[in-house]
Amino acid sequence: TPMGWSTDGFNPCNSRDITIERCFFRTGDDCISIKGATGPDLFKEPHAPPAEQPPVENIVVSNCVFWGEGNNVIAIGSETRARYMRNIRVQNCDVLYHKRDSEAVFAIIPLHGTEIRDIVYDDIRIEHCISQLFNFRFLDSIFGIPGDQSYPGAISNVTIRNISVGHQENGPRSTVFGYSEAKQIQHVTIQGLRYDGKLIHNVAEGGFALNKYTPVDNIRFITAAAMAAGL
């Protein structure tokens, strides 16, 4: 039986020092969505500025197994009313299946301007996904929930390491979209991303869609030679 919306598995909100490990998630919405979601009503603005809200930091997701029926497997956002969101790591996890075609396995999708940095995806195996692999972009609204990008913010220092994809329908694809000259996605490092065992060397091979606010130089691939040398 298809699962309904609003069935997130776990939502750490404005939280610090959280470890999620050795869990199995099968959900009809995000398996895990890490949020800055203070305030009594998501659908009404204004709220207190993100800079005045409790931060999100030191979140670890490890040794988990996921089956996603909708939205994202693991999202940072979409509500991001937090002073900052940093030091978030997803490691040694398996994604058996991800269904929905309009979202992503892994997403960073801030509705509200804030600093999001030091994000690591490491040692993850995806067996089958229909959707995008990664979706990093700033939102003005989602599902009727309003955002506010007038607040300053950025996404930076994202590490993608040792990710293997068995099958992605319609080929490799991900989105990395900055919002403006002042609000870009910077310092994304990719090392050991593989599709069906084949190492991905550049944005074209990985099907990464970029916009004018994400220069290709902001995405750095570690070469096979550098990996062999341990660099």
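**Cysteines.** I count a disulfide as a pair of cysteine sulfur atoms within 2.5 Å. In general, a disulfide is a covalent bond between the sulfur atoms of two cysteines. My search returned zero disulfides in the structure. I then looked up C23: it is in no disulfide, and the nearest cysteine sulfur, that of C64, lies 4.7 Å away. C93 is in no disulfide either; the nearest cysteine sulfur to it is that of C64, at 4.9 Å.

Note on the source: this is a predicted model, where local features need pLDDT of at least 70, side-chain atom pairs count only at pLDDT 80 or more, and totals for chains, interfaces and linings use all residues. Residues are numbered from 1 along each chain as its sequence is written, and side-chain values use heavy atoms, with hydrogens and water left out.

Next I checked accessibility. I call a residue buried under 20% relative accessible area, exposed over 50%, and partly exposed in between (1.4 Å probe, protein chains only). C23 has 31% relative accessibility, so it counts as partly exposed. C93 has 1%, so it counts as buried.

**G147.** Where does G147 sit? I found it in the loop between β12 (145-146) and β13 (154-168). Strands here are DSSP runs of E, at least two residues; helices are runs of H or I, at least four; both are numbered from the N terminus. G147 counts as partly exposed because its relative accessibility is 22%. Which residues does G147 touch, leaving aside neighbours within four places in sequence? I take contact as heavy atoms within 4.5 Å. The list is L111, H112, D140 and S141. I also looked up G113: it is 34 residues from G147 in sequence, and 8.6 Å from it in space, C-alpha to C-alpha.

**Whole chain.** I logged one helix and 18 strands. The radius of gyration is 17 Å, close to the 17 Å from the globule rule for 231 residues, so the chain is as compact as a globular protein of that length. That radius is taken over C-alpha atoms, and the rule is 2.2 Å times the number of residues to the power 0.38. Along its principal axes, the C-alpha trace spans about 50 × 45 × 30 Å. Buried residues make up 50% of the 231. Of the contacts with a separation of 6 or more, 83% join residues 24 or more positions apart.
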